[in-house]
Amino acid sequence: MVDASVRVKNIGLRGVTVADTKVSYIDGENGILIYRGFRIEDLAKWSTFPETAYLLLMGSLPTHGQLQSFEEELIAAREIPSFVLDAFRALPKDADPMDVLQAAVPLLALADPDLRDDSRAANVRKAIRLIARVPAVVAAWHRIRRGNALVPPDNSLSHAGNFLWQLLGEKPDPETARDFDVCLILHGDHTFNASTFACREVVSTQAHMYAGVAAGVGALAGALHGGANARVMEMLFQVEKEVKSEEEVGDWVRSRIEAGKKIMGMGHAVYKTVDPRSVILKEMSLRLGRKTGRENWYHLLTRIESESLSEFEKRGKTNIKSNVDFYSGSVYAMMGIPVDIMTPVFAISRVSGWCAHIIEEKFADAQGKPALYRPQAEYVGDYCGAMGCEYQSLEAR
Ligand SMILES: CC(C)(COP(=O)(O)OP(=O)(O)OC[C@H]1O[C@@H](n2cnc3c(N)ncnc32)[C@H](O)[C@@H]1OP(=O)(O)O)[C@@H](O)C(=O)NCCC(=O)NCCS
């Protein structure tokens, strides 16, 4: 009889349920995303990123007083230790911002007074420091690599608005700050995606939260995960350069698919219909396009999207639709965010979900007791038979 595992191996754990979670839920068939029971559309409409981060971490919406204290704690935790900034000044200026962010997370750990305290309260404090400092790190590295002075935080701005201010050195108008706040809400969590699973797997060994988050940053950097938003922009710039009129977009898309290349920002491992976050970002891309004179990007993207859908359909792949990354890159670019800061922006938001999952994993909030992840692999090596190699000394080889 065939072992049940044979049917699921080598396909990246697709369809395998590895744990219970109360943090978020995706209905991939119907395009529904929920954080702690709340629909993403409602959160995007009514909530703010700090409130959503509180919801993810604590499991319920805060009262007015709870939200106020949470926001005050975020503001108080913003400052980055000076040795982290000194380390940044010594780095090659062309270092990838995701590599710098991944390197910065363990450095931040060294400055955390709660590092060795694994109680729930200490983990919540660590989470607040991480949510506050990851944006500060991304902004600081961007300023340092460009040889620009660091921008001190402005506590009168929202969490989202302050990041744009510290990154770009210009105060965003309230609508832009709110649009960016919504982007942060949309990227906060997404169940057992690759980076979240990496975080949970690492802390299942009882490693600390920073070790888990560093793994999450590493996983997010990949082109198939958080790196896709920047790849969509590269694709858009390529289309802008190579295509003379919108009518030629179809040929461009077809030749790319025929060459076995992916249309970035399309397709999803879980959604079999349009990603609900993409719907919100699409509307935002049009609105910002009109405001910034970049409506042409929106039109090109919608054309790439429709041409791709019809190409996929011809090939019987009717469930490849736009995902969160398809329109987010254009939205960020219209806000002035450089292309290689787009994936770090994903991390600024997702760190809230990572920390919520890390706490859930550490305290077995959704299961009986904590369990170390330890899957199996089938040994298919066949060198001298499966295990018959006779060791020969170096001289004899
Ligand atoms: C996200 C992604 C990895 C999920 O896909 P998946 O469920 O693992 O499925 P696969 O990558 O195995 O794709 C299944 C088939 O659809 C095709 N496909 C999937 N997404 C595609 C895309 N964006 N462009 C072209 N073809 C695509 C694959 O080439 C594959 O074809 P095949 O069966 O002929 O080999 C995939 O859709 C992708 O690479 N998208 C582009 C990157 C991206 O936007 N990532 C961000 C995700 S939020």
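**Ground rules.** Helices here are DSSP runs of H or I with at least four residues, strands are runs of E with at least two, and both are numbered from the N terminus. I am working with a predicted model, where local features need pLDDT of at least 70, side-chain atom pairs count only at pLDDT 80 or more, and totals for chains, interfaces and linings use all residues. Residue numbers run from 1 along each chain as its sequence is written, and side-chain values use heavy atoms, with hydrogens and water left out.

**Entry 1: Pro153.** I started with Pro153, which sits in the loop between α6 and α7. I sort residues by relative accessible area: buried is under 20%, exposed is over 50%, and partly exposed is in between (1.4 Å probe, protein chains only). Pro153 comes out at 42%, so I noted it as partly exposed. What does Pro153 touch, once neighbours within four places in sequence are set aside? I found Arg78, Asn162, Trp165 and Gln166, where contact means heavy atoms within 4.5 Å. I also checked Pro153 against Ile75: they are 78 residues apart along the chain, and their C-alpha atoms are separated by 8.7 Å.

**Entry 2: helix α7.** Next I went on to α7, residues 159-168. Is this helix mostly covered or mostly open? Mostly covered: I get 9 of its 10 residues as buried. Among the buried ones are Asn162, Trp165 and Gln166, each of them a contact of Pro153. The buried residues of α7 pack against α2 (49-58), α3 (64-76), α6 (120-145), α8 (174-186) and α16. Just past the helix, I saw that Gly169 takes a positive phi of about 75 degrees.

**Entry 3: the largest pocket.** Then I looked for open space. The search runs on a 1 Å grid over the protein atoms alone, and a pocket is an open set of points with protein on both sides within 12 Å along at least five of seven lines; a lining residue has an atom within 4 Å of a point. A volume is the space filled by probe spheres set on the points, which are joined across faces, edges and corners. How much space lies in the largest pocket? I wrote down about 1600 Å³.

The lining has 46 residues, with Arg14, Asn193, His268, Ala269 and Val270 nearest the centre. I sorted the lining into classes: Ala, Val, Leu, Ile, Met, Phe, Trp, Tyr, Cys and Pro are nonpolar, Asp, Glu, Lys and Arg are charged, and the others, Gly among them, are polar. That gave me 22 nonpolar, 15 polar and 9 charged. Four elements each supply at least two lining residues: β1 (24-27), α9 (194-203), α15 (324-334) and α16 (342-362). The largest share, 3 residues, comes from β1.

**Entry 4: the ligand.** Of the 17 residues around it, Arg14, Lys262, Ile263, Gly265 and Met266 come nearest. For polar contacts, I take pairs of N or O atoms within 3.5 Å; within protein, one must be able to donate a hydrogen and the other to accept it, and residues adjacent in sequence count only if both atoms are side-chain atoms. How far is a side-chain N or O atom of Arg14 from an oxygen atom of the ligand? I get 2.6 Å. A side-chain N or O atom of Asn323 is 3.0 Å from a ligand oxygen atom, while Met266 brings a backbone N or O atom to 2.7 Å from a ligand nitrogen atom.

**Entry 5: His225.** I found His225 in the loop between α10 (209-220) and α11 (228-242). Its relative accessibility is 14%, so I logged it as buried. Leaving out residues up to four places away, it touches Asn193, Ala194, Ser195, Ala219, Leu220, Asp325 and Arg350.

**Entry 6: the segment before β1.** Both Asn10 and Leu13 lie here. Asn10 has a positive phi near 60 degrees without being a glycine, and Leu13 has a positive phi of about 60 degrees, again in a non-glycine. Are they exposed or buried? Asn10 is exposed at 75%, whereas Leu13 is partly exposed at 43%.

**Entry 7: Val100.** Last stop: Val100 is in helix α5 (residues 97-110). I have it as buried because its relative accessibility is 4%. Beyond its neighbours within four places, Val100 is in contact with Phe88, Leu91, Ala95 and Trp141.

Key: 1 Å grid on protein atoms, 1.4 Å probe; cavity = no way out; pocket = protein on both sides within 12 Å on 5 of 7 lines; lining within 4 Å. Near = heavy atom within 4 Å.
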